[in-house]
Amino acid sequence: MTLLADTHVHLLAGLDDGPATEDVALAMCRMLVAEGAAHATALAHQNPGYPDNTPARMIATAAALSATLAAKKIPLTVYPTAEVMLSPTVVDDWKTGKLLSVGNHGQWLLVEMPHGEFVDALPVAEELRPFGLQLIIAHAERYPDLLHDRDRAAKWIAAGCLIQVTARAIADPWDDEMGRGIEGWARGGFIHLLGSDGHGIDRRQPLLAAGYRRLAKLAGRSTAKRIGSTWGSAVLRGEPVTVPPPHPPTRKWFGRMFGG
Ligand SMILES: [Fe+2]
């Protein structure tokens, strides 16, 4: 059985717009286990709306959750993580220790766009790479400027970024154009990680399994396994991950016909 890794789920009770209490966080963890997950971020936002979310606070809250999971024998390993909003100060914030990387391993920083904006992540990726830190683009399907621009996405990937897509958006896209974009990404090798972006139990539940199944249909089972399990758990555990470049948006028949 393939054990999935949720690389984007809000589990730090009371720290952001995710679960309000640890009981809700635990119910989410149980749901994740039922969805087939063995690894998950214990994640909260780091942005100006949550100034108290320091790395130390998030690490401590994740450790408490981890202890409760062990005591209750819920087979889910959680990793302290921040969802960092891109801002002009992100590089300085990293240098001064204000940001929490995925699993606190100092290898990957999970970033989202500022509300209602799209900014070029490439300069940030290039500035952080010498520090051994690479970017994960959170819920990347939300950004049409990325989803429908394969050249841009390929450049970001070449610069060391990983593309994370929300499982729910793969399983049941609520927008036709987004659905087509995700399909193209899945078939073209642009997706590297799966996240539920779960926030609660009554709303935005941590669902992974349906998205994983649909991904397997679109991209093939072995690719889906890499995305849903191998790469995801490696990122969370702090193991190295190298992804192949996406397939160029080629015209295969055209190439074959003309020897290109
Ligand atoms: Fe999120």
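Alanine 63 counts as partly exposed at 47% relative accessibility, where buried means under 20% relative accessible area, exposed over 50%, and partly exposed in between (1.4 Å probe, protein chains only). The residue belongs to helix α2, which covers residues 55-71; helices (H or I, at least four residues) and strands (E, at least two) are DSSP runs numbered from the N terminus. Between the C-alpha atoms of alanine 63 and valine 235, which are 172 residues apart along the chain, the separation is 18 Å. The model is a predicted one, in which local features need pLDDT of at least 70 and side-chain atom pairs count only at pLDDT 80 or more, whereas totals for chains, interfaces and linings use all residues. Residues are numbered from 1 along each chain as its sequence is written, and side-chain values use heavy atoms, with hydrogens and water left out.

Not counting residues up to four places away in sequence, valine 78 touches Leu11, Ala40, Ala42, Ala62, Leu65, Ser66 and Leu69, a contact being defined by heavy atoms within 4.5 Å. Valine 78 and glycine 14 are 64 residues apart in sequence, and their C-alpha atoms are 17 Å apart in space.

For the chain as a whole, eleven helices and seven strands are assigned. The radius of gyration, taken over C-alpha atoms, is 18 Å, close to the 18 Å given by the globule rule for 260 residues, so the protein chain is as compact as a globular protein of that length; the rule itself is 2.2 Å times the number of residues to the power 0.38. Along the principal axes, the C-alpha atoms fill a box of roughly 65 × 40 × 30 Å. Of the 260 residues, 53% count as buried, and among contacts between residues at least 6 apart in sequence, 76% join residues at least 24 apart.

Aromatic pairs were assigned to rings of Phe, Tyr and Trp (its six-membered ring) with centres within 6.5 Å, planes under 30 degrees apart counting as stacked, over 60 as edge-to-face and the rest as tilted. By this rule the count comes to three aromatic pairs. Phenylalanine 118 and tryptophan 156 form a stacked pair, at 5.7 Å centre to centre and with 5 degrees between the planes. This pair links distant parts of the chain, with phenylalanine 118 in the loop between β4 (108-112) and α4 (122-128) and tryptophan 156, 38 residues apart from it, in helix α6 (residues 150-158). Phenylalanine 118 is partly exposed, with a relative accessible area of 24%, whereas tryptophan 156 is buried, at 1%. Tryptophan 185 and phenylalanine 190 form another stacked pair, at 6.4 Å centre to centre and 15 degrees between the planes, and both of these residues are buried. Ring pairs also link Phe118, Tyr143 and Trp156 into a cluster.

In helix α9 (residues 209-219), the buried residues are Ala209, Gly211, Tyr212, Leu215, Ala216, Leu218 and Ala219. These buried residues of α9 pack against β1 (4-6), α7 (167-171), α8 (176-188), β7 (193-195) and α10 (221-237).
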